[in-house]
Amino acid sequence: MIVVLKPHVAPEKEAELRQYMLSMGFTVQDIAGESTHMLGLAGDTSHLNAETFARFDIVDHTIKVRESYKLANRRFHPDNTVIDVNGHKIGDGSMAVIAGPCSVESEEQILSVARDVARSGAAFLRGGAFKPRSSPYAFQGMGMEGLDLLKIARSKTGLPIVTELMDNSCLDVFEKHVDVIQIGARNMQNFSLLREVGRLKKPILLKRGLANTIDELLMAAEYLMAGGSFDIALCERGIRTFETATRNTLDLSAVPVLKEKTHLPIVVDPSHGTGHWNLVEPMALAATAAGADGLIIEVHNTPHLALCDGAQSITPEVFHTLMGKIQRVHEAVSDN
Ligand code: PEP
Ligand code: MN
């Protein structure tokens with residue numbers, strides 16, 4: 001529910017109303033309009049109606065918010081959220097490119113790729129240390145050692161690191177050392193993990209589940225926000241359909257749909273979205289044209305030798321050329 005206040009209310013009257021809302025167990029979010037001041041209530045608001053706040057004469061009227069997501073709802077926060085990690089931004093109108101290998105494999109590999117993608121203009125370095133693999137016999141990632149190598153790559157290039165947290169056994173380490181915590185597609189509806197991560201109040205890249213709707217993605221973001229984390233980028237990474245020519249079906253219409261529904265920045269993953277390196281460029285450019293705030297792209301120095309997702313990884317050379325094209329498409333479609 002959104003509670004619209006009358007103009008020029010006395011601060012003590014507003015404090016009294018706010019206290020009443022908090023005592024009912026709601027999270028209260030300020031929504032500044034051009035000439036109005038509104039309070040957005042998040043929580044179970046199903047039993048509220050126009051009468052609930054009738055005794056407060058500073059309330060002009062109330063608006064029911066039909067959607068179950070509140071804090072993630074653009075109606076609660078009309079301006080775009082901008083994530084800022086030491087000046088590296090997502091959602092500020094620039095095109096934030098997160099690039100790096102699917103998995104960290106060695107110091108030489110991650111340093112070489114990190115240096116190359118930094119030179120080509122990537123804003124963040126990606127690399128999995130803990131990998132969610134379909135087979136228990138496949139390479140599971142380097143674990144803590146991989147995290148240490150990412151830290152070295154960050155110190156050499158200045159790129160903030162984005163890496164996946166698989167379960168809550170590593171929460172403390174991720175809180176201390178990771179710049180942007182990735183919640184993978186398979187964990188998008190791991191609600192107990194979302195609750196734990198939400199409490200960390202760190203930037204999060206939340207990937208859409210393999211078979212989840214846009215509203216379910218927004219509800220997963222709501223879990224994180226209800227815990228106190230507001231810097232969340234939503235990632236479209238393809239969904240399961242009957243199509244087998246591509247690994248997943250990249251739902252690019254999710255970008256403009258999400259832009260209407262939420263103020264959170266949207267990142268597109270053309271690597272997992274297609275599964276084929278030669279399809280990464282056209283879908284990265286299409287995502288840019290569709291209004292994405294960022295891209296996450298798998299780049300490997302020797303894709304044919306990659307321990308994970310080599311078929312969808314592009315070389316640093318291909319990435320370099322692609323970055324120039326992304327820039328040109330972004331300039332062509334952006335408002336400023
Ligand atoms: C990844 O980014 O390497 C990954 C495993 O992605 P997803 O969770 O989208 O499959
Ligand atoms: Mn991968």
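Start by selecting helix α9, residues 277-289, in this predicted model. Its buried residues are Val-280, Ala-284, Leu-285, Ala-287 and Thr-288. What covers them?

Next, colour the largest nonpolar core, a set of 67 residues. Which of its members touch the most others? Select Val-117, Leu-125, Val-197, Leu-206, Leu-234, Ile-297 and Phe-319 to see them. Helix α6, residues 214-226, gives this core its largest share, with seven residues.

Stay with Leu-234 for a moment and show what surrounds it. Leaving aside neighbours within four places in sequence, Leu-234 is in contact with Leu-206, Leu-217, Leu-218 and Ala-221, among others. Its contacts also include Leu-258, Thr-262, Leu-264, Pro-265, Ile-266 and Val-267.

Now pick Ser-120, in the loop between α2 (107-119) and β8 (124-126). Is Ser-120 buried or exposed? Its relative accessibility is 14%, so it counts as buried. Residues up to four places away in sequence aside, Ser-120 touches Phe-319, His-320 and Met-323. You have already met one of these partners, as Phe-319 is among the core residues that touch the most other members.

Time to visit ligand 1. Select the 13 residues around it, and look for Arg-126, Lys-131, Ala-185, Arg-186 and Arg-237, which come nearest. By type, the shell divides into seven charged, three polar and three nonpolar residues.

Zoom in on the polar contacts. In the side chain of Arg-126, an N or O atom is 2.8 Å from an oxygen atom of ligand 1. Gln-182 also uses its side chain, with a polar atom 3.0 Å from an oxygen of the ligand. At Ala-185 it is a polar backbone atom that sits 2.8 Å from a ligand oxygen. How much of ligand 1 does the protein cover? On its own the ligand has 290 Å² of accessible area, and the protein covers 97% of that.

From Ala-185, move to Met-144. These residues are 41 apart along the chain, and their C-alpha atoms are separated by 21 Å. Met-144 belongs to helix α3, residues 144-157. With a relative accessibility of 37%, Met-144 counts as partly exposed. Beyond residues up to four places away in sequence, it touches Phe-130, Cys-170 and Val-173.

The last stops are about backbone angles. Most residues other than glycine have a negative phi. Where can you see a positive value in a residue other than glycine? Select Asn-86, with a phi near 50°. Asn-86 is in the loop between β5 (83-85) and β6 (88-90), and at 72% relative accessibility this residue counts as exposed.

Finish at Lys-201, which is not a glycine either and has a positive phi of about 55°. To find Lys-201, follow the chain into the loop between α5 (191-198) and β11 (204-207). Is Lys-201 buried or exposed? Its relative accessible area is 58%, so Lys-201 is exposed.

Note on methods. Residues are numbered from 1 along each chain as its sequence is written. Chains are lettered from A and ligands numbered from 1 in the order in which they are written. This is a predicted model: local features need pLDDT of at least 70, side-chain atom pairs count only at pLDDT 80 or more; totals for chains, interfaces and linings use all residues. Side-chain values use heavy atoms; hydrogens and water are left out. Helices (H or I, at least four residues) and strands (E, at least two) are DSSP runs, numbered from the N terminus. Buried means under 20% relative accessible area, exposed over 50%, partly exposed in between (1.4 Å probe, protein chains only). A nonpolar core is a set of buried Ala, Val, Leu, Ile, Met, Phe, Trp, Tyr and Cys residues joined through side-chain atoms within 4.5 Å. Contact means heavy atoms within 4.5 Å. A residue is near a molecule or strand if one of its heavy atoms lies within 4 Å of it. A polar contact is a pair of N or O atoms within 3.5 Å; within protein, one must be able to donate a hydrogen and the other to accept it, and residues adjacent in sequence count only if both atoms are side-chain atoms. Accessible areas come from the Shrake-Rupley method with a 1.4 Å probe; for residues, only the protein chains shown count as cover. Ala, Val, Leu, Ile, Met, Phe, Trp, Tyr, Cys and Pro count as nonpolar, Asp, Glu, Lys and Arg as charged, and the others, Gly among them, as polar.
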